Every structure is written in C-alpha cells, then in structure tokens.
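I am opening a notebook on a structure that is new to me. I will take a few places in turn and write down what I find.

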Amino acid sequence: MVCAEVDTGYRSDMAFLRLSDRTLAQAGNDAWRGGYDRANVGVGVVHLGPGAFHRAHQAPVYDRLLAHDPRWGVCGVSLKSPGVSEALTPQDGLYTLVELDREVSFTIIGAMKAVLTAQQTPALVLAQMAAPQTRLFSLTVTEKGYCLNGAGELDLAHPDIALDIARPAVPNSAVGWLVAGLRARHGAGAPAPTVMSCDNLTNNGGKLGRAVTTLARAQGDAVLADWIELAVAFPNSMVDSITPATDEALKTRVREAIGLDDAWPIQRERFTQWVIENRFAAGAPDLAAAGVTVVSDVRPFEQAKLRLLNGAHSSLAYIGLTAGFETVADAMADPDLARFVERLMRIDIAPSLAPSADLDLPAYIGAILERFRNPAIRHRLAQIAWDGSQKLPFRLLGTIADALDVGRPIERLCVPVAAWMLFAAGAVRRGETLVDPLAAQIAAIADAPLEAQVEGFLALDTVFPRRLAGNPRFAGAVASAHQALADGRMAAVLAL
C-alpha cells in the first residue's frame, strides 16, 4: 500500500545544519536512538529500489538488527534515477522516518550505508553484490519492474529483457541486475544469497526465482541457472504499511522537530507488517529478532490482506464516496458506515479465508479497523477507487463466489459492488476523468437508463465471470443495492 513518491528536490534552509554523521549528535526530539556505532556497520544487504517504501518499511527492520548485529547495513541501488543518492549521500545515508499516528514520532534511520545509482557506477554495484559479506538481496521495484507476462512468467519480448539478453554485462532491468550480481558471486566463489521480493505480488518469491533463472538460461548461462535453482533462496513475502509521499510540508515538519535539515525524510503509518516464508540461504539475517513474522506459508496472510484489508478499503471507497466522504478516516468517523464495514469483515469475509495457526484473524481485523481510523493518515477515497474494474475481482468478487458456493449470505458483500457501479457511471456523467482501463466501456454503460446499468456492468466479462454474473442471487442482490443507493436509501443499506 504505497502512495506515489514525488521527488520534490532538495532546497537547503541555511538556518539549519544538514543531517549527517557529523551533526547526528545534535538531532533533537530524541530522534537518534540507534544504539550502535555506525562506523562499525558493514553492508550485508543490497537492495534494488531504495524508494519511500523500502526506507519506511524494510530499512527500519535492518536498523533494529544493527543494535546487536552490525553486519546488516544496507547498500541501496537505484536502477536509473540518481535522486535518492543525490539526496542521501551528503547525509551519509541518514534520513528521518516520521510515524503518523495520534502521537507523531521521529526516528533517524542509520541502516543505509550507501546509495548507488546502477547506471552511473555499475562496477561498484556488482562488486557489492559479489562481496562475500553480502548475504541478502532484496527489491521493491513495483510489479511492472519484474517484466512479467500475463501468466506471471518473465516476458522475454519485453524491451528491457531483450536488452539484458543481448548485453548481459550491461544490465538494464531489475531481473537483469540480479542475474549479473549472482553471476559475479558465482564466479567469485561467494556463498549463495537469499533474494527477497518485497513487492505486492502474490507468490512473489516463486515468480522472481523463475524470472531470474529464465533470464540466466536465455543469456546462455546454463551453469549459472543451475546454481541459482540449486542454491539461491527466493522466499515469498508479504509487506504492508501505508506510506504517503514526501512533500515540502513533511520536510518542514522534520526540520522543526529535529533541528536539522533532511533532504528526503519519509513518512508512514505506525502499523507495519512483514511476513516472510521460512526459506533462507545460509547466513541470512535473523529477521524474526527484529519483529518480522517468519512462517511456513505466506499465502494465508496474502489472502487475508487482499480480502480483508483491500476488500474493506474498496468498500469504504465506493460507499464512502457515495455518502460524500473524502478520506478513509472521514468515512470511518461515520458510526453506521464503520459498523457496516466491521460486519462485512467479520461476518462475510473472514469465513472465506483458510484458517492458519500463524494468523489471528479477529486481531488482524481489529488492527485494520484501527488503521482505518488513524486521523493522521489522509488516505483519499478517490485514489483508492481508481482501477475498480481491475481490483474488484480479487478484492470482493472471489469472496462472493465462495459465499455462493457454500450458501452464505451475499447481500452485504454486493453493496460495494453496486456502489462501484454508481461511482463509475456517475463520474462519467459528471464529465470527470475515470481512472480505469475500462473507462470507454463504462462510458457507454453510463449513457443507458439507470435501471439498465447493472445489466450493462455485469456484461463486462473481464470483471464479472459468467458463472457469477449469471447467478440470479448475485444479480438480484447487486440490483437491489444499486437501486437503494441510487434512491438515497443509504441508511437502509448500511443496516444490512
């Protein structure tokens, strides 16, 4: 759950010294509490894509490890943009993490020992990836950075991958850099590392491992591919924390709080979750000691996040926008809507999830509801509402299909589906830009009379499988909720 990061540039305030190792002792607000000597920290992690989410989420975990194990400093590698390196290198990699809650906290993170830009210093990047003390590669490059096709396999025709096949020594993609780094390690006789995806992909470790092996073979290096399959660990993982973009207001807030100038502070909600499959190569860090949840199977956590967190988020967005609210916290301040969402999660969604001894579902739901109420996070409903045609099948429709299969009620679950239809058609009719890949088809549906629109939406077979759209219980429940919301009978709908 990451908001887009915006590089606002560094504009020094000459009234303040800049954050660095030299000025660290002068930081106010008890912001530096690392409990370790940065001079003794070595690099054990190479992370591709050291943007806002990594610096808000994974880097603080390594920071906690350093208090008792100084081997796990991070070398961040930006694949193309020098922005992070230009901001943090003059600060010796230091930056401020602001945790947004009812009480805001400021923490200076010291885990980033270096930030490199791959296109500018490729030899330095490969040398760090090949170093024996580097035992963990990780990456946050967003889903598109994996260059996968619709089946979740490496797209050998992707322009970046085609370049990596033609020029293995000059990597272009994240997968290409991983292959090049692993080739350098193998050639140097360094131990096989753990390679960990921290992006929001289901089965992200499995997909990444196959992509890396596929590219090595496509480059004609069967020996390397065999070593990767045999020795390198690619655990699945799940990450979660809302990370709003950095802006000038945050920089000013940090400057006033710690008394030092920080070119690129980061902010996130206090809640953070990192779940990793217990599949590591020898020598990996003890992430569990730093608060990471290590489990045998990540899939129950992925499904719970998708259906409970993301499903409730979308429900709040479409119903909340219909009711005139702007943010998640605003919508949760309405008692009727808050109760509706809680019933939706506990009564309708939770029974669809496979039980797991590692996951306490009632506690997880409680934590989600508390996060939704966080007044310090202004998470706009309109942004959550984007791309509904792509999100609903995974966030809500699968739960509805499961409920129909076993005869559970679906009336509450169909309310956000109907609210999405009203939201999407209404945006078109008002002349607003509808951010959705099916905007053209939705525009045609919006021209139809209101009573015909549900049928038009259900005919979108890329959204609604025929088995679901043709089910009379489902079609009837959606039509009923759609009519009630269109008539302004919100109270009756929320009382379901």
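Before looking at a pair of helices, I need one term. A crossing is left-handed if the near helix is turned anticlockwise from the far one by less than a right angle, and right-handed if clockwise. I also keep in mind that this is a predicted model.

**Entry 1: a helix pair**

I looked up helix α15 (residues 388-406) and helix α16 (residues 411-429). Their axes come within 10 Å and cross at roughly 155 degrees. Angles over 145 degrees count as roughly antiparallel, so α15 is roughly antiparallel to α16. I then checked the hand: α15 passes α16 in a left-handed crossing.

Next I listed who meets whom. From α15 come G388, S389, L392, L396, L397, T399, I400 and A403. On the α16 side I noted L413, C414, P416, V417 and W420. I sorted this contact by class and got ten nonpolar residues, three polar ones and no charged ones.

Is helix α2 (residues 58-66) largely enclosed or largely open? Eight of its nine residues are buried, so the rest of the structure largely encloses α2. I wrote down the buried ones: Q58, A59, P60, V61, Y62, D63, L65 and L66.

**Entry 2: the sheet**

I traced an open sheet of five strands. Their order is β5-β2-β1-β6-β7, and the pairing is parallel. At the edges I found β5 (112-117) and β7 (194-197), each pairing on one side only.

A reminder to myself: strands of a sheet pair through backbone hydrogen bonds, either parallel or antiparallel.

Strand β6 (residues 136-139) pairs with β7 in the parallel sense, over four bridges. Here S138 stands opposite M196 in β7.

**Entry 3: E326 in a loop**

Where is E326 found? I located E326 in the loop between α10 (299-322) and α11 (328-332).

I then looked for its contacts, leaving out residues up to four places away in sequence. E326 touches R378, H379, R380, L381 and A382. For L381 I also noted the spacing. E326 and L381 are 55 residues apart along the chain, and their C-alpha atoms are separated by 5.8 Å.

Conventions
Residues are numbered from 1 along each chain as its sequence is written. This is a predicted model: local features need pLDDT of at least 70, side-chain atom pairs count only at pLDDT 80 or more; totals for chains, interfaces and linings use all residues. Side-chain values use heavy atoms; hydrogens and water are left out. Axes are lines fitted to C-alpha atoms, for helices over the stretch in contact, and angles run from 0 to 180 degrees between N-to-C directions. Helices (H or I, at least four residues) and strands (E, at least two) are DSSP runs, numbered from the N terminus. Angles under 35 degrees count as roughly parallel, over 145 as roughly antiparallel, 65 to 115 as roughly perpendicular and the rest as oblique. Contact means heavy atoms within 4.5 Å. Ala, Val, Leu, Ile, Met, Phe, Trp, Tyr, Cys and Pro count as nonpolar, Asp, Glu, Lys and Arg as charged, and the others, Gly among them, as polar. Buried means under 20% relative accessible area, exposed over 50%, partly exposed in between (1.4 Å probe, protein chains only). Two strands pair if DSSP finds at least two bridges between them.
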